[in-house]
Amino acid sequence: MNVAATLDRRAALAPAQIAVREPKGRGGPETRTYREITYATLAQEAAHYAAAALTAGLVPGDRVAVMVPPSIAFFALTFGLFRAGVVPVFIDPGMGLRSLKRCLAEAAPHAFIGVRRAQLARLILGWERGRLRFSITPERLRRLASTALHTCHAPAEADTAAILFTSGSTGAPKGAVYRHAHFLAQIELLRETYAIEPGEIDLCTFPLFALFAPALGMSAVIPKMNFTRPAKVDPREITGPVRRFGVQNLFGSPALLRRVAEGAPTPLPSLKRVISAGAPVPAKTLAALAPFLAPEAEIHTPYGATEALPVATIGHKEVLGETAQATAEGKGICVGRPVAGVDVRIMRICDTPAGLWNASLHAAPGTIGEILVAGPQTTERYFHRPEADAAAKLKDLATGRLWHRMGDLGYLDASGRLWFCGRKTHRVATKAGELYTIPCEGVFNRHAAVHRTALVGRGTAGAMTPVLCVEPEQRLSSGARARLAAELLTLGRASPLTASVREIRFFRALPVDTRHNAKIFRERLKAVVDRKTSRSVSWN
């Protein structure tokens, strides 16, 4: 089934339900006016965009780069492209101009649909110059169709529905190829895992995740914020709409939740659930936000990736009541139990393509290895990246299943919960053995004066010196830094995991990804410590 049919179904069941609200005009979050569109009208708009795409000369299977911020037009355009069988290519504009240009060249889109600012950037920077059939704004595209395309394109099972580029926070961005079946599986997994009901009100602060709201029958409220800088959001622009519209579902990155927890002046009783992904959510953030929610509400922290989401999930009550203490003791971060219908295996750590699965690749029970995932929501390949496919995909001939190598390290505990221990490429290989980032950092992150840390290795693999990079909660004097360093070293010596960490480096801010403002660029930190540059470096 075409994923666009989910919008049609909701329009038939609840035509008068508000599908999307977007901020309009000036004013504060409590008084600002909003433009609204019903499900019936949104479905009609999507059908007009579908007709417009075909009128413009696109055909099913053509790729279209989409650079439109969250808005009613973004929802209508995306579902319209799905309806026409045209393949939207989503690239995060916050990844940087160089990466953005590389992703566009790799995707080789047939057309470019973007707002005026994106069009201007494309012209100035020469993105895909001379290779596009056309480049157009959503408004101009919409005017090309006077009639609607009422019939959804019927995709073949292998047809591509969309290409979603990874953030590039742990390597070069890659285009994950989504089929319609992947989107439909994600919709059902999210519905069942979090008991999402049609008619709920959703506030989503991550553009691509926002597309699930219409598919799940929710009414989406678009906040006023810079979606590429969630750590800079005005918390009132989140809490205001939550209270005003009775929002029940909130999706946000760990950095955004921290801002909300710091700035929430009153309770948020309407929220039934908060979902945060992109990076592990610190227990301190969960503990700070939880008091503003109703007792029955839950903060969920699902684990997954662009290529496979969701994989596992856990709620804040279990984290704060049990697993946070284990994290502080160096056990890693518990990301919960695999969701129904998704299987997880732990494979022995291996830095080369494995090709086919065999029993010898299994890691011993309870030991740290690479996390493998298989499920209906898991993508099978990258766009024109056979070398990445070979490195990340693993076929089990006995079952016929294709497993995705997450590139993450972890283990399953005796009760079946999955624990995350960091990226495979980030392990620190010393002469005495390998150190894993997340377990080691957990020992130091429990210090109240620490915002976050990152363990990196100076030197070459096999002879690295572990260096702990520290971002304090606030700017410190040289004397305060010295005292904090001594206290952190004392914490480290008390654990056999971190006893070898004897060098501390302070940073005003650790470099993080723009998509979630949470994934730490440890490669950049390693380059800094290898150069032995100044003790204070900022990527702000």
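Predicted model: local features only at pLDDT ≥ 70, side-chain atom pairs only at ≥ 80, totals over all residues.
Local features require pLDDT of at least 70 and side-chain atom pairs pLDDT 80 or more, while totals for chains, interfaces and linings use all residues. Residues are numbered from 1 along each chain as its sequence is written, and side-chain values use heavy atoms, without hydrogens and water.

Helices (H or I, at least four residues) and strands (E, at least two) are DSSP runs, numbered from the N terminus. Strands pair if DSSP finds at least two bridges between them. An open sheet contains six strands in the order 6-5-3-4-7-8, with mixed pairing. Strand 6 (134-136) and strand 8 (175-179) form its edges, each pairing on one side only. On average, neighbouring strands are turned by 20° against each other, direction ignored. Axes are lines fitted to C-alpha atoms, for helices over the stretch in contact; angles run from 0 to 180 degrees between N-to-C directions.

Strand 3 (residues 63-67) and strand 5 (residues 111-114) run parallel, joined by four bridges. M67 stands opposite G114 in strand 5. Helix 5 (residues 116-125) packs on the sheet, in contact (heavy atoms within 4.5 Å) with strand 3, strand 5 and strand 6. The direction of helix 5 makes about 135° with that of strand 5. Helix 7 (residues 180-194) lies across strand 7 (160-165) and strand 8, at about 80° to strand 8.

The whole structure holds zero disulfides (cysteine sulfur pairs within 2.5 Å). For C421, the nearest cysteine sulfur is that of C440, 9.7 Å away.
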